[in-house]
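Thanks for coming. I will talk through one structure, starting with a pair of helices and then turning to a chain as a whole.

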Amino acid sequence: MKPIWYFVGLLLLSIGTVITVSGVVELLDPPPRSTILAHLHPSIWWGALMILSGVVFLLVNRRKRVG
Amino acid sequence: MISVGLTFFDWLVIALYFAFVIGLGAYLKRFTKSQEDFFLAGRKNSSWVAGLAFLSANLGALELLGMTGNTFKYGMFVAHFYWVGAIPAMLFLGIYMMPFYYSSRIHSVPGYLKLRFDERTRVLNGIAFAVMTLLVSGINLYAMALVLHTFLGWNWDASMWISAATVGVYVSMSGLLSAIFTEIIQFFLIWFGLFLVSLFGIIEFGGMDEVLARIPESFSTLWSTSADPADNGMVITWAGIVLGLGWVLSFGYWTTDFLVVQRAFSARDLRAARMAPVIASFFKMAVPFLVIMSGLVALALASDPDSGFALLSDDGQVNYDSALPLLILRYYPSGLVGLGVTALLAGFMAGQAGNVSAFNTVWTYDIYKALLRKDATDDHLLWMGRMTTVVGIILSVGTAYWAKSFPSIMDYMQAIFSWVNAPLFATMLLGMFVWWITSSGAFWGLVIGMMTSFFLFLAVKFHWIDPTMLTLSDHTSDMAANFWRAWWAWLVCLLVTIGISLFTEKKRKDDLVGLVKGLTPEDHDAGVPWTRRPAFYAAISVVVFVLLNILFW
């Protein structure tokens, strides 16, 4: 069985990708109503951080098995 | 009600989460072959997996919303729930109690009561726990549907049934294993999903000191205003915090509530089981950054008329639970809103999965096998566990509908917690550390302790007595009354158990080896380097705990 950390990595990578793409789309085509601190573009860098964390979890655990 | 339109990206994040947990349940089903796999996740988890699951079982969305709202209402005193109201008890469980739990190879906390005392004490606690978990599970479901309806305009029935069915599918496939996996995923989603709320609050104000400067002193300190209840937001003295929360409620919950302790039972060996609550304690101390900080940011924003921030009201009553969702909507753009909503959804669903997996274990072992089918085979118990999961989910949905028609249900939930956990802690403490406590003493002590808690709740609720009689103070609050009620129920259970034990037949010491401290050889750390011993990490946890209390004194 693959360890839980592998699945954590998979989910962070998937969701991080969606959030980063949404941030890029908002950067190119700003929405009519923006949130407080929207100028910091949190979706882009927070999504990127999630992608990075996901990749680390996946790489470290890709060959591991438990049980 | 406010309604926020989710974008395509928000929906995609939510859909990914649902697909992921269902897929995970299906993947884990092939590794769930025996009742040990289903009820105890095969007892093969590392200390990190068991530790994070131990913490996450308590970190439900109800807690996140409620504690952020409570911080708005009571101030920084709510941090006591995370520090003095958790850390000493978690460490005590890991260092002193876990060897007796884990080494006796029991499946549940009521199972220990059977070995130490007798069947009737086990069944009494098993039934009380089963009722409590179903109620909590239903309230969890109700709260989730309420949040989704209030903030996203989702259909009440649809959101409740879809999430309940999802939990039912993955828990019935692989039991505790899938519950633990989804709890760990929930842990990461909550941190990634809610961390930015506090961070952005601090950035908006220009620093943490700026946030605290906008809040009255009675709301921004931890101990320095606890001498007089009139000086702090929670209207309680340090004695109420230490005796009621720090001692009885905290130790009652963290050391005897099977929902959390079951996660440590799933560890692969005794050292991993002992390390699980110790590891969890470090993360528990960090949770206030998410909830307390968010609550303080909301309070600071609400005190500034130019901020445009105000909590929702329901029929003139302030809805404190709206603080966290409103902050998410204030700070999060498209995509991140989906992540924030998913974090809350994951918290709700993992909370329900935790309750249902604990319920199916206690029902199967402590009620069904103990009373109805003593000769049940392994396969039959596994089948019963899966069936109980489905039944538990349906009963939870029923409880949720009941909660919908019962406006003061949260008050009753508080009563149920102190009804079950507070007296049980006295029973467990005496049972594990005093060999001459008898079965009759434990049973009747538990019965009278539970009745005391229930009576005191009714007495305050219906004004038979003044709450200041409970709290021993001229000033009081609902929270203070909860803490003190737990203390009195615990004390009554303790005294009755000791009193009856003095005059009833004791078990032979030989029969209590492995179950009672002092009669059991404790060589589990023999030959282990001190840097690998759980006590070493517990000592570090204590140092951090003391420093945090001094820092926010």
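Please look at chain B, at helix 6, residues 109–116, and helix 7, residues 119–152; their axes come within 7 Å and cross at roughly 165°. Keep in mind that this is a predicted model.

What does that angle say about direction? Angles over 145 degrees count as roughly antiparallel, so helix 6 of chain B and helix 7 of chain B are roughly antiparallel to each other. As for handedness, helix 6 of chain B passes helix 7 of chain B in a right-handed crossing.

Which residues meet there? From helix 6 of chain B, they are P110(B), G111(B), L113(B) and K114(B). Across from them, in helix 7 of chain B, are E119(B), T121(B), R122(B), N125(B) and G126(B). Sorted by class, this contact between helix 6 and helix 7 of chain B has two nonpolar, four polar and three charged residues.

Now to chain A. How many helices and strands does chain A have? The count is two helices and zero strands. The radius of gyration of chain A is 15 Å, while the globule rule gives 11 Å for 67 residues, so chain A is more spread out than a compact globule. Along the principal axes, the C-alpha atoms of chain A fill a box of roughly 50 × 15 × 15 Å.

Of its 67 residues, 43% count as buried. Among the contacts in chain A with a separation of 6 or more, 86% come from residues 24 or more positions apart.

That is where I will stop.

Terms used
Residues numbered from 1 in each chain as written. Chains lettered and ligands numbered in written order. Predicted model: local features only at pLDDT ≥ 70, side-chain atom pairs only at ≥ 80, totals over all residues. Heavy atoms only, no water. Axes fitted to C-alpha atoms, helices over the stretch in contact; angles between N-to-C directions. Helix = DSSP H or I, 4+ residues; strand = E, 2+ residues; numbered from the N terminus. Parallel < 35°, antiparallel > 145°, perpendicular 65-115°, else oblique. Left-handed = near helix turned anticlockwise from the far one by under 90°. Contact = heavy atoms within 4.5 Å. Nonpolar A, V, L, I, M, F, W, Y, C, P; charged D, E, K, R; others polar. Rg over C-alpha atoms; globule rule 2.2 N^0.38 Å. Buried < 20%, exposed > 50% of the residue type's maximum accessible area, 1.4 Å probe, protein only.
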